[in-house]
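Subject: Structure handover

Hello,

Here is the structure you are taking over. Please open it before you read my notes.

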Amino acid sequence: SEPFRSAFTPAAVHRNMEGRVRELARSLIEGFAARGRADLRTDFAARLPILTILAAFGLPETEEPLLRRWYDTFEQALANFRGDPSIRAAARTDVAAFHELLQQHLLAVAGSEAGDLLARVANRSPTERLSDAEIKRNASIIFFGGISTVEALILNCLFALFTHDRVLDRVKSNFALIPALLEEVMRWQSPVQSAIRRTTTDVVLQGVQIRAGETVSCMLGAANRDPAIFPDPDRFDIDRPNARKHLGFAFGPHACLGSNLAKLEARVALETLLSRLTELEPAPDEPLTVEGYEFRQPRRLLA
């Protein structure tokens, strides 16, 4: 909806969130830098997106553990291709609990002049304001769509850098290359590998008849390595001229609303890590692997 969409334009994201994301990234790094070793997933990449979204909505950082638990349940439901009813039930319960938390905060910000997203959408004029139910549904999409996806983007970027020494050296000496790095990582190792769509009309694609109302699983990861679009598609190349044609954020009316915030978080995360931890490298005794069918990322990344 428009009240949410306008908050995620590139200009709005830069204006409202970049400074706060940078503060959060620095704080997380300070929490483990002195140890000399860390799991960059649990200590950093898994935490930054949750803290960022809490900040965007004006919710307290103390809600982080609760949001993490709710999200983990929700993610299990998204990947529940076997239709386990207990997984579905757990997700419904936790989404309802999240909506109740949002309802409490909606009541708390009524009439407030706070500049956070929840206060802004809650205090629009009566003719423009969404209902509480609509606000909570939109907020759920943003919250649950912007956690592990950003976590995975950060980790997949680090995986790409750690497995391509020349690229790592280039990026360390020129942070202006990071936006190109992000686009190529989204193509080469996209955090989300598929998107489910339902057809609205009969269509024939490549000789295959798809009837209206059928469910189509669009394999984004495969499309991103289509050799007809991306020559030598298995090669990681931040100089690839058409890397931005990837489908990692989907496209059309259902393109990812938070893509600009996701890229800002990943860019700031990499800039802060590489500038604060100048000798950052993967632990020599740990394998570097990316795993997952629907969601792909390193399950841990020791450095």
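This is a predicted model: local features need pLDDT of at least 70, side-chain atom pairs count only at pLDDT 80 or more; totals for chains, interfaces and linings use all residues.

Residues are numbered from 1 along each chain as its sequence is written, and side-chain values use heavy atoms, with hydrogens and water left out.

Cysteines. There are zero disulfides in the structure (a disulfide is a pair of cysteine sulfur atoms within 2.5 Å). For Cys157, the closest cysteine sulfur is in Cys256, 15 Å away, too far for a bond. For Cys218, the closest is also in Cys256, at 16 Å, again too far. Cys157 is buried, with 0% relative accessibility, while Cys218 is partly exposed at 28% (buried means under 20% relative accessible area, exposed over 50%, partly exposed in between, with a 1.4 Å probe and protein chains only).

Glu151. This residue lies in helix α9, residues 148-162 (helices are DSSP runs of H or I, at least four residues, numbered from the N terminus). Glu151 is buried, at 0% relative accessible area. Leaving out residues up to four places away in sequence, Glu151 touches Arg41, Ala45, Ala46, Pro49, Arg68 and Gln297 (contact means heavy atoms within 4.5 Å).

Helix pair. Helix α4 (residues 48-57) packs against helix α13 (residues 259-276) at about 125°, with the axes 11 Å apart (axes are lines fitted to C-alpha atoms over the stretch in contact, and angles run from 0 to 180 degrees between N-to-C directions). Leu48, Pro49 and Thr52 of α4 meet Leu261, Glu265 and Ala269 of α13.

Regards

Technical notes:
Helices (H or I, at least four residues) and strands (E, at least two) are DSSP runs, numbered from the N terminus.
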